[in-house]
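Here is a short briefing for a reader who is new to this structure. Look at the sequence and the model first, then read the points by topic.

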Amino acid sequence: MSIEQVEKIDFISTTSEGKVELTISDHLEWDAENNHLLILQNKLNA
């Protein structure tokens, strides 16, 4: 999976306390040219 696949959940896991954790796989560089923050926002909002 990747941050650019907004319709997919990257990873689901559970903690020892029974809480569910969702993890986003983010391979993009943090630079001004690739709109990284906007892509991340789209993934979180989906």
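**Strand pairing**

Strands E1 (residues 11-14) and E2 (residues 20-23) run antiparallel and are joined by four bridges. Two strands count as paired if DSSP finds at least two bridges between them. This is a predicted model: local features need pLDDT of at least 70, side-chain atom pairs count only at pLDDT 80 or more, and totals for chains, interfaces and linings use all residues. Residues are numbered from 1 along each chain as its sequence is written, and side-chain values use heavy atoms, with hydrogens and water left out.

**The hairpin**

- Ile 12 stands opposite Leu 22 in E2.
- Ser 13 stands opposite Glu 21 in E2.
- The hairpin of E1 and E2 has five residues between the strands.
- Gly 18, in this hairpin, takes a positive phi near 90°.

**Overall build**

- Helices (H or I, at least four residues) and strands (E, at least two) are DSSP runs, numbered from the N terminus.
- Read from the N terminus, the order of elements is β-β-α.
- The C-alpha trace spans about 40 × 20 × 15 Å along its principal axes.
- Of the 46 residues in the protein, 15% are buried.
- Buried means under 20% relative accessible area, exposed means over 50%, and partly exposed lies in between (1.4 Å probe, protein chains only).
- The accessible surface comes to about 3,800 Å², and carbon and sulfur atoms hold 52% of that surface.
- These areas come from the Shrake-Rupley method with a 1.4 Å probe; for residues, only the protein chains shown count as cover.
- Take the contacts between residues at least 6 apart in sequence: 32% of them join residues at least 24 apart.
- Contact means heavy atoms within 4.5 Å.

**The salt bridge**

- A search of the whole structure finds one salt bridge.
- The side chains of Asp 10 and Lys 43 form this bridge, at 2.9 Å from N to O.
- Asp 10 is in the segment before E1, while Lys 43 is in helix H1 (residues 36-45).
- The two residues are 33 apart, so the pair links distant parts of the chain.
- A salt bridge here is a side-chain nitrogen of Lys or Arg within 4 Å of a carboxyl oxygen of Asp or Glu.
- Asp 10 and Lys 43 are both buried.

**The largest pocket**

- The largest pocket has a volume of about 190 Å³.
- Its lining includes Asp 10 and Lys 43, and also Val 6, Lys 8, Ile 9, Leu 22, Thr 23, Ile 24, Leu 44 and Ala 46.
- E2 and H1 are the elements that give two or more residues to this lining.
- On a 1 Å grid over the protein atoms alone, a pocket is an open set of points with protein on both sides within 12 Å along at least five of seven lines, where a 1.4 Å probe fits; lining residues have an atom within 4 Å of a point.
- Grid points are joined across faces, edges and corners, and the volume is the space filled by probe spheres set on the points.

**The two ends**

- Met 1 is in the segment before E1.
- Met 1 counts as exposed, at 54% relative accessibility.
- Beyond its neighbours within four places in sequence, Met 1 is in contact with Lys 8, Ile 9, Asp 10 and Ser 25.
- Ala 46 is in the segment after H1.
- Ala 46 is exposed, with a relative accessible area of 69%.
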